[in-house]
Amino acid sequence: MALKDFILKYAPVFAQNIGISLYNTYLYKQRHRGRYKAYREYYRRFETAGADEVAREARKRQAEFLQAATQASPWYAPQRGKPLEEFPILEKAQLLAHMDAIRSIEEKDGIVSLTGGTTGASMKVIYAHEDMQERFALKDHFRARYGYRLGKKVAWFSGKSLVRPQDLASGNVSRDDYINKIRFFSTFHISQQNFDAYWRAFCDFKPEYIVGFPSSVYDLCTMALERKLTYEGSVKAFFPTAETVLPKYREIIGQVLGCQVVDQYAASEGAPFILQCPQGSLHIHPLTGVFEVVDENMRPAQEGEILVTAFTTHGTPLIRYRIGDRIKLAPPSFQCACGSCFPVVEHIDGRTSDFIWSPENGKVNLGNISNCTKDVDGIVCFQVTQKQPDTVSIAVVANDQFTAAQQRQFLDAMALRLGKSVAVHLALVDEIPREPSGKFRIVKNLLAPESMRPAAMRGS
Ligand SMILES: [Zn+2]
């Protein structure tokens, strides 16, 4: 057993907090070394640069990155000298199977990042140290626009399992980094039984900022609303990670904690960044990479799946990588009031696999599914699972406002989207477990790809 695991399993909470404080401080030092300061300055400078200067710099970054990748990665060597659009598309399965040919550095010379991946396959990529320093410099630069800096009080809701059964019994639902003023909350145990412990730990701490899974913060806020509790402190901003931010999350979190929800897109495999500006627009950061939006036939489109090329992936170059997310671009004529020339994304749809299949209506995406709760009272959270093309089961955690009439309204909304041929089974449950990664999934599509064909075609 590694020392870290031993401490997490057996040491008293206070000793764990000391360990976490020291370990975190070590991590921050590592990330803030080397080129970190230079990149903070770089991103500060280009924030206000003119469109021509940004375009010139983006072209330069792209050329440098493609050259470096084709020189250092055996996988990309045959593409040397080609323009980006002639590079082959990199599928997830290829990245998994050919990791050793794609990567340009050894594990020991970089930072290993593991990601959950929606298909269950765990993805491992290696970052060069300088790339990690650049990514953290940009993240810190972005958060600094909202007043954040290291040392401000932060409540963190992440997928790390840090609470043991004996801790739950004594109401310990968080761990503290005393040095950097961060309180880490377990996202696995936010429930009606543990609510009081969470709320107390949150209110006592009085965070200025929140980072982490939006569904977890939303759950906590919903339970506070049910109890008619008001939050006395003032949270300046919430920086959500990992999950799609649904309109409902934004509304309830804003209502309970009074803070702005500031969205970002930056997958852990190493995608380029999309960052929300203070005017509320989502801007692609053109100096972090290229987002190609394509339709089903891989032709350029306004809305669709994305192929990403990320300039901060020298360790494991990602070029035209089919990451599995969808976006819709704003019309090119759209000018954001913040004055930035960076392109604007109308919305990020999240995982392309987050949909329910309807033989009548085709793919029904996460946004449409989650809209079924609009004007329905009493639903705390729900999860739709599909194992057969003609059946879905919905687990609902609800309070007593979820009356028979409300249930009917919810099911009608669902039927409207899924069509008449899909049978819907609803079950009221006390709790819906999270994924091993700690993320909450509203939609679980477990269908085999071949069963997702229009009704008329099936059997042919
Ligand atoms: Zn803007």
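Beyond its neighbours within four places in sequence, serine 174 is in contact with Val163, Arg183, Phe184, Phe185 and Ala201. The model described here is predicted. Serine 174 belongs to strand β4, which covers residues 174-177. Is serine 174 buried or exposed? Its relative accessible area is 11%. Serine 174 therefore counts as buried, since the cut-off for that class is under 20%.

Two helices were examined next. Helix α9 spans residues 195-205, and helix α10 spans residues 214-226. They pack at an angle of about 105°. Their axes lie 11 Å apart. The angle makes α9 roughly perpendicular to α10. On the α9 side, the contact involves Phe195, Tyr198, Trp199 and Phe202. On the α10 side, Leu220, Met223 and Ala224 take part. The contact residues comprise 7 nonpolar, no polar and no charged.

The model also holds a zinc ion. Which protein atoms are its donors? They are SG of Cys277, NE2 of His283, SG of Cys336 and SG of Cys338. These atoms lie 2.1 to 2.3 Å from the zinc ion. Along the chain, the donors follow the spacing C-x5-H-x52-C-x1-C. Cysteine 277 sits in the loop between β10 (274-276) and β11 (282-284). Cysteine 336 sits in the loop between β14 (321-329) and β15 (344-351). The pair therefore ties together parts that are 59 residues apart in sequence. Both cysteine 277 and cysteine 336 are buried.

Why is the arrangement around the zinc ion tetrahedral? The 4 donor atoms subtend angles of 106 to 113°, and the class requires all angles to lie between 85 and 135 degrees. For four tetrahedral donors, the ideal angle at a metal is 109.5 degrees.

Note on methods
Residues numbered from 1 in each chain as written. Predicted model: local features only at pLDDT ≥ 70, side-chain atom pairs only at ≥ 80, totals over all residues. Heavy atoms only, no water. Donors = N, O, S within 2.8 Å, 3.2 Å for Na, K, Ca; no water. Tetrahedral: all angles 85-135°; square planar, octahedral: opposite > 155°, others 65-115°. Helix = DSSP H or I, 4+ residues; strand = E, 2+ residues; numbered from the N terminus. Buried < 20%, exposed > 50% of the residue type's maximum accessible area, 1.4 Å probe, protein only. Axes fitted to C-alpha atoms, helices over the stretch in contact; angles between N-to-C directions. Parallel < 35°, antiparallel > 145°, perpendicular 65-115°, else oblique. Contact = heavy atoms within 4.5 Å. Nonpolar A, V, L, I, M, F, W, Y, C, P; charged D, E, K, R; others polar.
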